[in-house]
Amino acid sequence: MGVKEFKLPDVGEGVAEGELVSWLVEVGDTVTEDQAVAEVETDKALVEVPSPYNGTVKELLAEEGEMVPVGNVIITFEVEGEGDEPTDEERTSAEMEAQESEADERETGDEAIGAAGDGEAVAGESPEKGADGEAETPKGRVFAAPSARRLARELDVDINAVEGSGPGGRVTDADVQTAANGQMESEVGEPESESDSGPREVSTGEKQSAVSRRDGQSAVNGSAGAAASAEAAGRDRTLAAPATRRMAEEEGVDIDDVPTDETRDGEAFVTAEAVTQYAQAQREAREAEMQAESAETEAEATSATNATAEGVAERIPYRGVRRTIGQQMEQSAYTAPHVTHHDTTTVDELVDVRAEYKQLAAERDVKLTYMPFVMKAIVAGLREHPILNSTLDESDPENAEILVRNEYNIGIAVATDAGLMVPVVKNVDKKSILQLSREVNDLASRARERKVTREEMQGGTFTITNFGAIGGEYATPIINYPETAILGLGGIEKRPVVEETEEGDEVVAANTLPLSLSIDHRVVDGADAAAFTNTVMEYLRNPKLLLLE
């Protein structure tokens, strides 16, 4: 049985990340190919992610509510018959282990050369050349994690001599630490001896004091305390064994910065132990600095929280649909200069027509609302004023173009628990009032249930927002960018209207509909907006004209 990783695919059109809304499976569940395992939200659409395998869920690698970049592994499966193919992580670990093992073997060979060469080795000689004569081959491979091998080098422990306590005799970090502790105890009281018989790599050039700085500052005392200091020595030349230089490279340490009081032929000489101590001191210094910065940041955050916590009942993460809406609104508001035209029309006849046909529609299992009539009126207005049925193509800013559309796809803004959704009714001009009623009801219902697809929210040429269904007369709708216009509908209510009669002006109660038309003033002029609104109002005042559309 092998382990298969599954990475978050691109579930939208080029989206870079998605919110993992919920897991539909748990660890240990058996799944089949194409079975949905998670729900991911991208750009308002909630998408089910199917399993590509038949198998068992081994691990869930993302938290619900977490934003996951496309391409990140989110789940692993145990799959029958796939063999024990290693995961990427396992392969990486194995490769690192092999590299560590190889480096360890080379290091062993280098040390053997150094012991036999007795100072005769020449800079530039390859380890392989020396190994031909003197180096000893390890008796057998030691299984150890890269971290254990690294720790062994840091503590100057021969990992080949460490007895492993892990599975299959694997040497763990704890084994290395135990060996190091025992080594230190055995060395207590023993006189110090040179760990290297002599330098095998010789620096050239003008000689300089072994303990002088490049900048000519005062000499650094070569005490044990100085060796453990994180302060860089800053020499120009340093003598060291190849293995020590390699260790310094692995530790990210400049060999000339390692403090030392040892010399060879008047030059500073650095041992592996000094490199280890200096690297450790640097790490501790960096950790202390990071902890100090973290404490300072935490203190600032706590201070900010305390400053804003008063009166805050809840903190809601700004992500998912809310963030997508915010980003789109920001782009529209800061890209398209908005102008909003307000007007009001009487709709007594529309109210009567809708009441007349409402029962007939119900007999056909259709809930008839005012929206299909408004959509038809808008199409009539767009035909007479096509500039409002356009988008602004700014993909090439130097050669931007206004694209006047010859199709009438009307987006309907729907308020849902997750935020504002805008499903699109395609080809409104080719559909009847009842067809539009049925389609609008279906899209609105599925939008509230988060079942509308991403494709059903694309391709709009004009948008309607019906804030009057909740309450209110006028608003300033934000354009559904890159469209160039959006019409907001207030509530249909009886309001006082002045009527001209033979006896004179008379104030009567009439059904009225407030309209708020926002336009992208780069593309649409105010006169166009007013003319378009006049056409729409004419059709709404005389809804029977819509039967001809």
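1. The helices H10 and H12 are oblique to each other, since their axes cross at roughly 140° and an angle has to be over 145 degrees to count as roughly antiparallel. In this predicted model, H10 spans residues 371-384 and H12 spans residues 526-541, and the two axes come within 8 Å. The crossing in which H10 passes H12 is right-handed.

2. On the side of H10, the residues that meet H12 are Phe373, Val374, Ala377, Ile378, Ala380, Gly381, Leu382 and Glu384, and their partners in H12 are Phe532, Thr535, Val536, Tyr539 and Leu540. Sorted by class, this contact of H10 with H12 consists of 10 nonpolar, 2 polar and 1 charged residues.

3. A separate point concerns Val27, which is placed in the loop that runs between strand E2 (17-23) and strand E3 (30-31). Its relative accessibility is 53%, so Val27 counts as exposed, the cut-off for that class being over 50%. Between Val27 and Phe77, which are 50 residues apart in sequence, the C-alpha to C-alpha distance is 9.2 Å.

4. For the protein as a whole, the model contains 12 helices and 20 strands, and 40% of its 549 residues are buried. Among contacts with a separation of 6 or more, 65% are between residues 24 or more positions apart. The accessible surface amounts to about 29900 Å², and carbon and sulfur atoms account for 47% of that area.

Definitions and conventions. Residues numbered from 1 in each chain as written. Predicted model: local features only at pLDDT ≥ 70, side-chain atom pairs only at ≥ 80, totals over all residues. Heavy atoms only, no water. Helix = DSSP H or I, 4+ residues; strand = E, 2+ residues; numbered from the N terminus. Buried < 20%, exposed > 50% of the residue type's maximum accessible area, 1.4 Å probe, protein only. Contact = heavy atoms within 4.5 Å. Areas by Shrake-Rupley, 256 points an atom, 1.4 Å probe, with all protein chains shown as cover. Axes fitted to C-alpha atoms, helices over the stretch in contact; angles between N-to-C directions. Parallel < 35°, antiparallel > 145°, perpendicular 65-115°, else oblique. Left-handed = near helix turned anticlockwise from the far one by under 90°. Nonpolar A, V, L, I, M, F, W, Y, C, P; charged D, E, K, R; others polar.
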